[in-house]
Amino acid sequence: MCSSGGEEQEEQEEHEEEGLSAVETAVLKEFLNPSYLTAQALEAIADRFDEDGSVQLQQFLKPQLAKQLSAAADQSDEVAELGQGRPPAYEAGTAVAGWEPRGPPVKQRYLAFPGVADDSIG
């Protein structure tokens, strides 16, 4: 089925009014569960976030991507000797060049990438 340029333009404008453009949706569908990319789902997620200040999304990533990320995280944890009943080293998680630990080691420690000012983080 072939659509005219006008119909494509209308469809793209409709997506943009709903929050995501057709291009953004197409890119995100490569990584995310498409059920979270509908206008209805996006609105429900935004409403829940407004009410509770956080959301939990089950099966957010596509299964194959989630499996790959989980395996990579497990491997990284093993290299850093994490999850063995003792506190992690302050430098844990910085094996990838460029990341620097910030914050106290026992509360809200995070990694920052140089060039990003600390005050730009929420």
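Modeller: Start with F113. Its relative accessibility is 41%, so F113 counts as partly exposed (buried is under 20%, exposed over 50%, partly exposed in between, with a 1.4 Å probe and protein chains only). Keep in mind that this is a predicted model: local features need pLDDT of at least 70, side-chain atom pairs count only at pLDDT 80 or more, and totals for chains, interfaces and linings use all residues. Residues are numbered from 1 along each chain as its sequence is written, and side-chain values use heavy atoms, leaving out hydrogens and water.

Biologist: Which residue forms an aromatic pair with F113?

Modeller: W99. The pair is edge-to-face, at 5.1 Å centre to centre and 65 degrees between the planes. Rings of Phe, Tyr and Trp (its six-membered ring) pair if their centres lie within 6.5 Å; planes under 30 degrees apart are stacked, over 60 edge-to-face, the rest tilted.

Biologist: And where do W99 and F113 lie?

Modeller: W99 is in the loop between α4 and β1, and F113 is in the segment after β2 (110-112), so the pair ties together parts 14 residues apart in sequence. Helices (H or I, at least four residues) and strands (E, at least two) are DSSP runs, numbered from the N terminus.

Biologist: New topic. Where is confidence lowest?

Modeller: In helix α1 (residues 5-18), at a mean pLDDT of 51. Helix α3 (residues 39-52) is highest, at 95. pLDDT is the predictor's confidence in each residue, from 0 to 100. The chain averages 80.

Biologist: Is V23 buried or exposed?

Modeller: Exposed, at 53% relative accessibility. V23 sits in helix α2 (residues 22-29).
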